Each structure stands twice: as C-alpha cells, then as structure tokens.
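Hi,

Here is the structure I promised to pass on. Have a look at it first, and my notes on the packing follow below.

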Amino acid sequence: MPTYSRITGTGSYLPPRRLSNAELAAELATQGVETSDDWIVERTGIRARHFAAADVTSSDLAVPAAQAAMEAAGVTPEQIDLIIMATSTPDMVFPSSACILQNKLGMAGCAAFDIQAVCSGFVYALTVADAMIKSGAATRALVVGAEVFSRILDFSDRTTCVLFGDGAGAVVLEASGTPGILASDLHADGKHVGILCVPGHVSGGKVLGDPLLKMDGQAVFKLAVGVLEDAARATLEKAGKTHDQIDWLIPHQANIRIMQSTAKRLKLPLDRLLVTVDQHGNTSAASIPLALDSGVRSGKIKKDQLLMLEGVGGGFTWGAVLLNL
Ligand code: UT7
C-alpha cells in the first residue's frame, strides 16, 4: 500500500510574446512612465518576461503545461483523478479555472478545484495534493500553477508593472511506495493583507475598488527573507535532513536579491539556487513549477535529487515543500 506521493512528470508553458526590459521600458516611455533596464536588473535580476495576448486566460496557458507534464509522466488524462490549480488570476469569478482546465483537457469526473494563495499557491497546492494522496482520497494528481498577471498590472505604476509576467507550470503527483514529498510547512498571516493585494471586487454588476495590483515592495521584501528561511528550516527538521543535503533550492522567482539572501541564510552555495526570474519575471503561482520544469528539461535537476521548493506572497502567505524528485 503506497504511503507517499512523488512527482513523476513536469511541464510548463510561456506565452510567445517576450518583452525584454528595454522593450518594456520603451513601451512605458510612450505613456510617460520612466524606467530602465539597468534599474530593473540591479534591483530585481529580471531581464525579460512573457505577456499573454488579451484573449488568453490562465487555463489556456495551463493546458500545454499540463499536457507536457502528463506526457513526461507517461499518463493519460483519464488516469488523473484530481486537478488542483493555483492561480490568483482565474478565468472567471466562478467556476474554478481547474474545472475549465479539466474540460479543455477533455477530462470529466475527477475532483477539480482552485487554490488561492497568490505566489505561495503552488506549494499550497502541492501540499494539499500530497495530503489527499497519502490519505487515499486521490492516486494521481495534476497540480498546476498558472497566471496572467499582466491583466492586473497598473502600467502607470513603475514600482510594480516591471516585475511580473505570465506563464504556467504543472506536475503530475502520483501515489508511490517510495518517498517523494518528504515534508511541507505552510503559513499565513492575514494582518499583512494590505502590503500585496488587488483590492477591487465585483458587486452589483460593477467592479468596486481598484482592480489593479498594489504592493509595498520593501515591506514584502523584509518579511519574505525571514519567513523563507524559517519555512525551509522547518521542513528540513520535519524530514530529518540537513541544509547541506539540498541539491536545489527552487524559491518563488520574484527578486534575485531575496533568492540569494535565502540561499545564504541556509548556507547553500549559489550554484544550488535555481534561477529563472531573469527570463520569466515574477509569474506568481506559476513561478516555481516553471522553474522546476526548466531545471528538469535542461538536465540540471536529476532524478532522486533533494529539492527545496519555497513560496511567499500575498495574504501574507508562505511555505516550503521538501521532496525527492
Ligand atoms: O511575488 C510576491 C513577492 N514580491 C516580492 O518579493 C517583491 C519584493 N520587493 C522587491 O522586490 C523590491 O522591494 C522592489 C524590486 C519592488 C523595489 O526595490 P527597492 O530596492 O525596494 O526599491 P525602492 O522601492 O526603495 O525604490 C528605490 C527607488 C525609488 O526612487 P527614490 O525614491 O529613491 O528617488 C523609486 O521611485 O527606485 C525608484 N523606482 C524605479 N526607478 C526606475 C521604483 N521603481 C522603479 C522603476 N524604474 N521601475
């Protein structure tokens, strides 16, 4: 009787429109918004991001990512019995984007729901899928992070609009007799709602409040570096592992300075830090599975290696998942 869950396939997808910092800066300049490649690279490590076309939704981006993950795992859509999609940019108010994705994949019948934990969404979703598999409620889950953050950016606010991008990543998580996911550690502190939020909502057929992203970048930065270290240490302790056993640290890809600081606090050499923020920008719930898939497909990440996945973001939410691939 299997008592563990293990990732058996990864996949990802980026929309084709890629904007370098210089291209984005040139577009923003036409609206009187001043920024530069130098500022963005120095403060964030971001060099480019992808933006989806106006009619492309999160579930559209999730379809090819999910198909690639299923192909890598060698499973057919009929074999999947759970879909969890982490997103803060769902296709509709309801139903869930997971249900929309399920239909687009030609599937029907299995449980499907969204998780809303902003940039921590993927580690939340992976932890819930792991718990459902360990409890026997599911045997083969599709866990997806997909976002179109370009939809909720205020392109007159240079402190936020240069940071985010669109994309999707997915994994197949299956019941296994050998341990894959070793430990998880999830947290939230709702008193920090205001430092990273999209405050608007729909009421009486109108959008009330501001429907665009607001962030106090410095407040997020300060909180992030502390909680990422704590969550990583907690999972290591739960799993009986030590920091030097980690092969790859795969944190939420928001800012290279936060990522490097986390690696240093964990006494990990920077060559064990997986970096895709330079090419993807911050894709919120999609950033970790995008980075994971890029590491697997480039051959950097190898089977049986010990991976530390870490998310942090709006809520305030944070968490980590330690796993053997
Ligand atoms: O996904 C959820 C997690 N989110 C994050 O992890 C984000 C965390 N925060 C950050 O990554 C950083 O705080 C930012 C990248 C958002 C900002 O970096 P910073 O080093 O904290 O810069 P700052 O906000 O202190 O701004 C420094 C200066 C300001 O000018 P003054 O007041 O010193 O004259 C800003 O107005 O940089 C200016 N500035 C810009 N200049 C050119 C802010 N944005 C830009 C810009 N281009 N895009």
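Let's start with Phe155, which is partly exposed, at a relative accessible area of 24%. Keep in mind that this is a predicted model. Its partner is Phe51, and the two rings sit edge-to-face, 6.0 Å centre to centre with 85 degrees between the planes.

Searching the whole structure turns up three aromatic pairs. Another of them is Phe149 with Phe164: the ring centres are 5.2 Å apart and the planes are at 25 degrees, so this pair counts as stacked. Phe149 is in the loop between strand 6 and helix 6, while Phe164 is in the loop between helix 6 and strand 7 (166-176), so the pair ties together parts 15 residues apart in sequence. Both of these residues are buried.

Now the nonpolar packing. The largest core has 44 residues, and Val162, Leu249, Met308, Val312 and Phe316 touch the most other members. Helix 7 (217-239) is among the elements that supply at least two residues, and its eight are the largest share. Domain 1 (4-178) and domain 2 (182-324) both contribute, so this core lies between them.

As for Val162, its contacts beyond four places in sequence include Leu24, Trp39 and Arg49. There is also a second, separate core of 32 residues, with Ile7, Ala86, Val171 and Leu309 among them.

Cheers

Terms used. Residues are numbered from 1 along each chain as its sequence is written. This is a predicted model: local features need pLDDT of at least 70, side-chain atom pairs count only at pLDDT 80 or more; totals for chains, interfaces and linings use all residues. Side-chain values use heavy atoms; hydrogens and water are left out. A nonpolar core is a set of buried Ala, Val, Leu, Ile, Met, Phe, Trp, Tyr and Cys residues joined through side-chain atoms within 4.5 Å. Buried means under 20% relative accessible area, exposed over 50%, partly exposed in between (1.4 Å probe, protein chains only). Helices (H or I, at least four residues) and strands (E, at least two) are DSSP runs, numbered from the N terminus. Domain bounds come from an automatic or database domain assignment. Contact means heavy atoms within 4.5 Å. Rings of Phe, Tyr and Trp (its six-membered ring) pair if their centres lie within 6.5 Å; planes under 30 degrees apart count as stacked, over 60 as edge-to-face and the rest as tilted.
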